[in-house]
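Hi,

Here is the structure I said I would pass on. Have a look at it first, and then read my notes below.

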Amino acid sequence: MNKDKKSTNFLMVVKLLLVFVLTTIFQVNAATYGQNVTLNVKNASLKEVLDVLRKQTGYHFLYRTEMLNHTRQLNINVNNEPLIKVLEKCFEGQPLTYSINEKTIVLRERPVPLQQNIQQTRITGTVKDATGLAMPGVGIKVKGTTTTSVTDTDGKYVINAGGNSTLVFSYVGYAEQEVAANGRTNINITLVESEAELSEVVVIGYGTVRRKDLTGSVASVKGADIKSQGVSDITRSLQGKMPGVTIESAGGDPGAGTRILIRGVGTLGNATPLYIVDGVQVASINNLNQTDIESVDVLKDASAAAIYGSRAANGVVLVTTKSGKSGAPVVQLTANVGVQSKSSSVDVLNAQEWATVHNQAHANAGLTPLALASNPAALGEGTDWQDAIFRSAPVQQYNLLVSGGSESSKYSVSGGYNDQQGIVDVTGYKRYNLRVKTETTKGRLKFGETILLSREKFVTMPAGWGGQGGNPVGSAIKMIPAFKIYNPDALGGYDGASGSVVNIANPVAQLYLNDINRENTSILANAFGELKIIEGLKYRLNLGYTNVFNSNYDYYKRYQIGGLFSHPTNDISLGKDQNVLLLLENTLSYDKVFGKHSIQALAGYTYQSNNYNYTSTARTDLPDGIDQIDAGAGIVSNSGNRIENNLISALGRLIYSYDDRYLLTASFRRDGSSRFGANNRYGNFPSVALGWNIMNEDFFEPLEKTFSNLKLRASYGVLGNQEIGDYQYSAAVASNINYVVGANQQRWFGSIQTAFASPNIKWETTKTSNFGIDAGFFGNKLNLTADYFVKKTTDVLLNVPIPGSAGSVSNPVVNAGTLRNNGVELGLSYGNTAGKLSYNLFGSISAVRNKVIELGTGSQQIFGGQPNHHGATSTLTEAGGSIGSFYLIEALGIFNSQAEIDAYAKDGKLIQPNAAPGDVKFFDKNSDGQINNLDRVNLGSPFPDFEYGLGINASMHNFDLALFFQGSQGNKIYNGLAQDLQSTNLQMNYAKSTLNAWTPSNQSNIPRVTANDPNLNSQTSSRFLEDGSYFRMKTLQLGYTLKDDFAKKLRISSFRTYVSADNIFTITNYTGFNPDLGRTGSIFDRGVDYGHVAYPLARTISLGIQLTL
Amino acid sequence: MKKIYIAFCVAALLGGCKKSELELINPNQIVSETYWKTETDVHSAFAATYGLLRNVDGGFWGVRGIELGNGRGDDFFIRNDVADLYRLSTFTNNADNGTVNALWNYSYRGIFRANQILENVGRVPLDDAKMKAYIAEAKFLRGLNYFILAINFGEVPLILSVPKDETEYAKPKAVEAEVWKQIIADFTEAGTDLPASYTSEWVGRATKGAAMGYLGKAYLFTKDYAKAESTLRQVTSMGYALMPNYEDNFLVTKENNSESLFEIQLGDVGGTEAWGGENASGALGVTTAQEFAPSEVGGWFEVGPTDKLFNEFQKERTATGELDPRMYATLIWDYPGATFYKKPFSDFKLPFGFKSMFKKYQNYTQANELTGSSGASNYTSSNNERALRYADVLLMLAEAITMQGRPAEAYPFINQVRTRAKLAPLPAGNNQTQMMNEVMHQRMIEFARENHRFYDLKRWGLLQQEIANSDKVGKQFFVAGKHDYFPIPQNEVNTNPLVIQNSNW
């Protein structure tokens, strides 16, 4: 073999790799020329296959290039078979035939069969995908005949068929469609992607694998399935679509994003999954553009995730952005304009009602009411504070994507602009995105990069102004309606609460007098170089870099608001932080097929370093309208710090399959982390998984009509979690704990150890077993994926609450216990056609149970979930129970008479001595004759029995429709806001329900109103525990795609317009704003609706276009 | 560049990872192992321990501490605004009260830090005298925190060393007598080795007088009157004297004066955030004056004096027939020429139906309470809280002597207090009961708002009687025995398996 040939071969292979970049696993036996061929290609064009055949056999092919235009793509897997047989496969159903002349094979157009039926007509049409893009290479077959055709690059086809025949359209990755011609000569159809199509490629970290070879549990969503809904972040549009993946709003302001939980809560600390974007770890994916997403793959079980070792215990979310494809440039423009409005409100009293209830509450307590309430009728409706801060807010998104390339280089470049105003006045979110992704091949080398730039600007609400209202939404609910919004004479221009009332700030003033902006600039750059060493063996160097700059601006204007809020100076506070991540990965991969054996091996060594630093400065007393530090005349204060952590790892993986029947995946990672002390710095994370493609067994053949796919999977592995703060192993001496000293009263600098160190903490370890089945029925029209898993986490890292008497300001991190999560997940999809209608139904359901096996010393109890400003905790976590179970004093009802109070006694002593008729009767669980925290009982879980999503995509003629529903069943919510509003012992506004409070003549189930509440009706109890189940119609989208001929006249490839609605309705018994709680704090607070951070969900209606040139 | 270099080294070596990359030193903080090298380290540790006493959330002399120290008294009203405070002042509190929880936690933080000083000061090269003085100062602080815990909670865990590991975090409660024994031991040792005074640079730290004064107080609380007398008598010869004007004790311009044995040092010389916590941005003053001020001057009028207190002041006129000057210094009400915050009293409304407002410790010579002395809108008051005044020493001494059945000997001490208040000397011939009544009356009006009244009533056994016999809101919910102490905070009960709740709770 001479050198030239070798290099030609090499170039050939590289070209093919490029063409099939993610979809092809290619093996060629280059050493021997001959009549036998070994070939394994997927979605390859005829030309590409012919080129390979030429190379393997030395035969030459003779044809005109345009003859190949209407040929279909090929999936061929042959091992050492005669060329002649392979040629038969290649030309089966092609519009071409061939003849062999010595070493030359001549191609020609297949003659129209002589016995052609005179009734045959010529049918034309266009095939498009759900997004309206033309689909080239779609195979069309007249059912029951050998007549076939293929769509051209514009998605157009021509086929001759009988008027009553049925056309079958098929394309890899899409559900096959049958359409009856019914005499038509023009048939346009839309193909819908099938959910669990076998040949789909799944991103698994440091590589990809065909779904049929997958042994782990991976949930995937393709970019094309993410419907633009007028929401700014991609995670929100993933909600309910992946079994086992819980996505909850992270509440609050526009741009606040979501939090993702994968397979329940496997840790008591940070349960955030690991996010990887194009190979680089990021803190959040909320800044990504929906239209840039090629796929989101969630690694759920240990087999899939173990390659990420110590960071993978909470699951791994892999985001792959779009790559270019070779061919003419494609320009796509999408635009979406919509309006959002609040979808719910909290019912509170108007001014007159408030005064009436207030007066009654004071009369019942024997206390003097406020003068403010002295004449209820005169107050009228008063101010509707919720109306005053909520608005309808526009949202708009524009994206432009240009992609294309040649065989040696490809590119995909996109830009986006996103502008979402909040439904709370003033708030808003803007984002600019720019993304470049290219890939180039030269000889043995391949290199490429992803560059993602984003700039986000958040205008947020103040969290609180002191006092007890909390954020403006919380304040708007609690603020007494008898107060006014504006006072032109007051400094700042606002009126507000005065007198002896709870100090709640005017929410409108909060929004307008406090400018709080955050700007986030994020750079992600990832470059790789890949060198083919020998056939199948590749070395890859990956350099990743992210740099996230945050700057915070907080300008606080001077004001005098009512009688309770004054601030005589303009103050400013500015902060900047930066997080730099450096990633270096060396991997060596080897892919080879030996006969029936196929291996994919990987070994790697990675280094990752993370550096965070922060500085902030503040100054007081600025002139009105000036917001520069230098202009301030008052106090300067500043602060800053830096954090660094490093991770060094070795990793390896072997994927082996025998005869496409038996599959094995084994992986291993060893991580060294700077977060742990010398004794526990390294951790090992192995995993193994087995798969069995039963459908490929000979004995299965009789069932193949029903089953198009059947695979069993089982996996086991060990994952770690290191999500604790840095430097926890050393006892730090905190500085600036200052005091005043001396005759001149100077600052006395103080420092001391304020908390305990945790020198011996070690990795949190999660062992996961997974059993799964993938099945396809009736030509993959119906697909099913089901998984059962058991996840056991030991050495749970936790800030274990220690006694206050130990004297620490915070709780030390310790390895505190063992948790178990087990659950089932089911994903189903069904795609078919009915007449002109083609549709796809899909659904997912998952149920997870968590149990605390051990905690701390054994009897350790962790209480959490404080629901409001002053209440007691509401949840308990302890061994034998579930995480954060509601643990509350039980309210039994209302005492309707003094006799009932007197009868509620223990040993002759009243159990509730301070009660009066109309007060709440509480359950004396421990029968000690008094009501206290020893009477708390377990009353349910914040985790649902199951969660589900259900969707329909359908298209007919040029219209397409998408519906999506999603929900949660069986979880409880503690309504902290209700506790505040129904507690008439505080001088603020009350819930509407207090109008129906108990009186001797109206013995309702709402306790009497009382201004001093000696019976503690308002204490944290089961009174405020509600059912959190909900069913939500999340998405409705109706699209229309322009008819082809019309599009052609306009010289565009396709044009689709749609109207979309998000969060159309929610069916729930929950009385708060939103049962899909946005609380992001500790896991022990889950399911507790904290009134201070309330934020209603927006309903969005938007109009969009998708234009492809 | 360094990173990239290392990265390439790693790439080249494939497996020979650099261990040092994983051994990182916290760049923000020194660690305990390398601290405790110089006398400055010791000083800094003391600042961090003293500072807790005025912490806004849980320091006994911070704003919440003043509210809960006084709030249960018959002379004090807390409005229905901050639920936790209202509940404890109306005796409808339970173990979940956040304010009480904070008092507990901050007192124990003080103990943790004092114990750190005691265990580590030996590592610092110091001469013997200095070493002894620092140990004495740390013991004073520990004793003071246990004193706060004992009078509020009774039985509490006694923690006298730094926990070595997690097995030592939880300790059971000691009986109250044990706690007092420790308080007395700490104050005794502090009194032996503390200096009588400091150079002007260090004024404000604990002195021998402070330790002896508190030791006398501890004896009085444990009814060891003989020892109380002998201890407090020593204090009378240490050079302390009453300020000529009672009001001087509550003015920012007359801090650390001759009457002051121990004073909580407050100044608007730190950060600007009143609730900023223990860091550079945290203010070093307190918000008490702003929270207590009327709304007309930017205050939140969270508290007020009851009319029982208003009337108590008027029980005796001065020798010249005037109202007691202490009434003018403590309260503001509608009297001819009354001005408050540079405004006539008629500009103010009395929001609760009581006849007066608190003037003591308010910065009423300013126009409002919004701006600290630094100029920031941080509501911060620099007015030191006088924790232990010589007037207290005199009245405690009078009480200790009287309770030993020698009322006649108490006259000189009680008369010093009366004379300064321009009252006529006490007529001779009081028996023990009459003398105690006089002590009780004097203490009520001398120390209003100074965290004394409730605890005085408790040790006199008069809580139920005096609360019933008052215009206190919520007095009908007072349960004798139960409300004498706070319950152990629920958080402590939740996290400390060795602690059981106080009886009646």
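**Helix packing in chain B**

In helix 13 of chain B, Ala391(B), Asp392(B), Leu395(B), Met396(B), Ala398(B), Glu399(B), Thr402(B) and Met403(B) touch Gln432(B), Met435(B), Met436(B), Val439(B), Gln442(B), Arg443(B) and Glu446(B) of helix 15 of chain B (contact means heavy atoms within 4.5 Å; helices are DSSP runs of H or I with at least four residues, strands are E runs of at least two, both numbered from the N terminus). Sorted by class, that contact has eight nonpolar, three polar and four charged residues (Ala, Val, Leu, Ile, Met, Phe, Trp, Tyr, Cys and Pro count as nonpolar, Asp, Glu, Lys and Arg as charged, and the others, Gly among them, as polar).

Before going on, a word on the basis: this is a predicted model, where local features need pLDDT of at least 70 and side-chain atom pairs count only at pLDDT 80 or more, while totals for chains, interfaces and linings use all residues. Residues are numbered from 1 along each chain as its sequence is written, chains are lettered from A and ligands numbered from 1 in the order in which they are written, and side-chain values use heavy atoms, with hydrogens and water left out.

Back to that pair: helix 13 (residues 390–403) and helix 15 (residues 432–446) of chain B pack at about 160°, with axes 10 Å apart (axes are lines fitted to C-alpha atoms, for helices over the stretch in contact, and angles run from 0 to 180 degrees between N-to-C directions).

Twelve nonpolar, three polar and one charged residues make up the contact of helix 7 with helix 8 of chain B.

**Where the chains meet**

How much area do chain B and chain A bury between them? About 8,500 Å², with 58% of it on carbon and sulfur atoms (buried area is the accessible area, 1.4 Å probe, that two parts lose on being put together, summed over both). Leu22(B), Leu24(B) and Tyr169(B) supply 9% of what chain B buries against chain A, more than any other three residues. The contact takes 103 residues from chain B and 97 residues from chain A.

**Salt bridges**

Over all chains, a search of the whole structure finds 72 salt bridges (a side-chain nitrogen of Lys or Arg within 4 Å of a carboxyl oxygen of Asp or Glu). Two salt bridges are found across the interface of chain B and chain A. Arg681(A) forms a salt bridge with Glu23(B), with the closest N and O atoms 3.3 Å apart. Within chain A, Arg675(A) forms a salt bridge with Glu723(A), the closest N and O atoms being 3.5 Å apart.

Best wishes
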